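Here's a quick tour for anyone opening this structure for the first time. Have the sequence and the 3D view side by side, and let's get going.

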Amino acid sequence: MSISSQRRHIDTILSYGGYQSAHKSYSPTHEMIGRSWKRCLSDYGLDPCQPRPARIVTHQTLREHQDSVDEFLNVARAGVEQLYAQVASLGYVLLLSDYRGITVQFLGDQRDERLHKAGLYLGADWSEQYAGTSAVGTCIQEQKALTCHRVDHFDSSHIRLTCTAAPIKDPSGQLLAVLDISALNSSRTPESQNFALHLTQLYARLIEDVYFLRRYRHHLVFKCDQSRELVQVSGQLLFALDEEGHVLAANTIARDLLVQLQKMDQPNLFLPELLECQWQDILAINHCSEGTRSFRVQGTQQTLFGTLIEPKSRTSSLLNPSTRVIQQDESVPVLDRLCADDPAMRQTISLAKRLRNKEVSLLILGETGTGKEVLAQAIHASSHRAKHAFMAVNCAAIPESLIESELFGYAPGTFTGGRSKGAKGLIQQANGGTLFLDEIGDMPLPLQTRLLRVLAEGQVMPLGALEPVDVDIRVLAATHCNLQKLITEGRFREDLFYRLNGATLTLPSLKARADKQYLIQTLMKQINSTLRLRADAVSALLAYSWPGNIRQLVNALTFAEAICEGDEITVHHLPKDITLHPPEWPALIGTNHIASELFSSEDIDSHTKNYAKNSEQERLLSLLRQQRWNISAVAKHLGVSRPTIYRRIKKLKIPMPKDA
Ligand SMILES: Nc1ncnc2c1ncn2[C@@H]1O[C@H](COP(=O)(O)OP(=O)(O)OP(=O)(O)O)[C@@H](O)[C@H]1O
């Protein structure tokens, strides 16, 4: 290294502030280095004009440092050796230092004098207080991974080195050690070390997790990840648990999540509460077919897939089925088929199973196309009413003038002409079985009053009849509306709401479901069991946001099946809207984006809403004209239901032609 470059470096440090001007783009790493230089000058009183030789501690001191992290060194050995094997041929050596900056493990050529002189050696002291700014010393102070590249070092004798370090923390978040890879020489650009930084961080995390698992080997550990496929081999978040489900410790990534959720300092944190589930749901994971289960993180839309690592010594009988009965829901195939592993669906189906034979009315909530009617049918089919009728009434689709006679029927002579003979209404036809009232929020108020009477008294009074008729029905109702809001606005009877709402079953949107892949494959089989979905098609289907939910998915698969000539559906067979423009608001281009407006308009501010409403009106109108006012065709085109189209026509005040 030339004297002149050392001199220049010393001048830069002395004209502190020069650090900033020496770096055009100022990154978090630059900020860390800048802070370190300041500490070296002001806090430790280091003199840049006096380069310091590497300080290697005595054997005795080194042994003391090594002994204090003995258990950790044993655990870390495999990871350290593996990392070194990956980088040795690139000219790097590896240093593992303790939290005080003393190198307690070194992998490199011990006979190389240059390494010894540069402090890349066993027993070297890399603390900031002694060696100035360096990857190890600054990592200890900042507790973050960084590369200290060439002139980033404080001491001018280090300005040819490139060093990258990452912290390793113990399960309580305290710094335990620093993993570092360094080279005597390197390319001038710091970016050349980006890969080194990622690799070092990856191995630091790996070693940290191995240590975590070792420390909590006698406890139950819940391991989870955002990917179902990766959780078993490389689950990123670890929680050690006590026998009741309280969190004893969490690894760095899990602690980051707790900080994000503001739960970090919560004593006695109960994992099931964090994952919106029962303790039994976690204990039963290993009884699930793949040994994983999905969970929703409290108060977020985030899904995590979890698996359990059992305690090594069986002092605890936590997971032993012979000593502890793990309560699993009974199997009810017709309901079980509706989902695979999704936390929200699991809750809904579990509730449906428990209530299927009870006489309480159920209210099914969910966006359009989420399968509310399918769920209602499944509840009916799995109940003791299954051998009687399932009658579905769409309160939004039947014109207001007919809904009364459709529901309640009419006595002979009430009407003239073709209807003079009288007819049984849908309520009577459902006798012994189930009446499904879809889009209940659209039922006119006077009919709500009559329906309430039927539910309260178990009797129906057909139009024009003198005597009521006894009926034995179970009512399931569904809506995508906010009924509480309709009640406040005086558009829905509160007493009817309580009658209908014996319990609420909520269906998640397709976008939020963790078992999308299962649904895609199941629906494909139902549409055409001889066709296979190629991986690129599955990826595109998984990436799409599905404003029209399962109905839109069915339409997309039906479309693909129709145009596919071979036995394999690829991404090219899918509707273009799905593959080209995932419909995220506010990208409202083309007809299919009307669909996204139909469902996401609540999230939009009022100014945008007005704009959206006008343009939606124009586009819906143009589509209606294009489809010659065929509501079914428009609904299919947009991947929504017919009632939804009727509702929007009403809401957007689109005048219907007389013959439509
Ligand atoms: N679990 C499922 N398995 C197979 N098909 C399903 C499933 N859920 C829904 N579908 C299909 O999706 C479409 C929409 O379902 P459904 O009519 O039950 O939804 P919905 O929520 O009642 O819709 P809307 O609110 O518009 O009335 C139907 O074609 C139905 O067959």
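This is a predicted model: local features need pLDDT of at least 70, side-chain atom pairs count only at pLDDT 80 or more; totals for chains, interfaces and linings use all residues.

Residues are numbered from 1 along each chain as its sequence is written.

**The whole protein**

- The protein has 29 helices and 21 strands; helices (H or I, at least four residues) and strands (E, at least two) are DSSP runs, numbered from the N terminus.
- Of its 660 residues, 40% are buried.
- Take the contacts between residues at least 6 apart in sequence: 64% of them join residues at least 24 apart. A contact here means that the C-beta atoms of two residues, placed from the backbone, lie within 7 Å.

**Two loop residues with positive phi**

- Most residues other than glycine have a negative phi.
- Gln143 isn't a glycine, yet its phi is positive, at about 60°. You'll find Gln143 in the loop between helix H8 (135-142) and S3.
- Glu276 is another non-glycine residue with a positive phi, near 45°. Its spot is the loop between helix H12 (271-274) and helix H13 (279-283).
- Glu276 counts as partly exposed because it has 16 C-beta neighbours inside 10 Å.

**The antiparallel sheet**

- Five strands make an open sheet in the order S2-S1-S5-S4-S3, with antiparallel pairing. Two strands pair if DSSP finds at least two bridges between them.
- Strand S2 (103-107) and strand S3 (146-149) are at the edges with a single partner strand each, so one side of each has no neighbour in the sheet.
- On average, neighbouring strands of this sheet are turned by 20° against each other, direction ignored. Axes are lines fitted to C-alpha atoms, for helices over the stretch in contact, and angles run from 0 to 180 degrees between N-to-C directions.
- S3 and strand S4 (residues 162-169) run antiparallel and are joined by four bridges. Cys148 has Cys163 in S4 as its bridge partner.

**The parallel sheet**

- Another open sheet has five strands in the order S12-S15-S18-S11-S19, and here the pairing is parallel.
- Its edge strands, strand S12 (390-394) and strand S19 (503-506), each pair on one side only.
- Strand S11 (residues 362-365) pairs with S19 in the parallel sense over four bridges, and S11 also pairs with strand S18 (residues 474-479) in the parallel sense over four bridges.
- What does Leu365 pair with in S19? Its bridge partner there is Thr506, while in S18 Leu365 stands opposite Thr479.
- Leu362 stands opposite Ala503 in S19.
- Helix H15 (residues 343-355) lies across S11 and S19, running at about 145° to S19.

- In helix H17 (residues 400-408), Ile403, Leu407 and Phe408 are buried. They sit on the same side of H17 because they cover an arc of only 90° around the axis, the arc being that of the directions from the helix axis to the C-beta atoms.
- Ser401 and Leu402, on the other side of H17, are exposed.
- The buried residues of H17 pack against S12, strand S13 (409-410), helix H18 (426-429), helix H19 (445-457) and strand S16 (459-460).
- Just after H17, Gly409 takes a positive phi of about 75°.

**A buried leucine**

- Leu83 lies in helix H5 (residues 70-87). Leu83 counts as buried because 23 other C-beta atoms lie within 10 Å.
- Setting aside neighbours within four places in sequence, Leu83 is in contact with Leu94, Leu199 and Tyr203.
- Leu83 and Leu202 are 119 residues apart in sequence and 9.5 Å apart in space, C-alpha to C-alpha.

How values were computed. A residue is buried if 20 or more other C-beta atoms lie within 10 Å of its own, exposed if 12 or fewer, and partly exposed in between; C-beta atoms are placed from the backbone.
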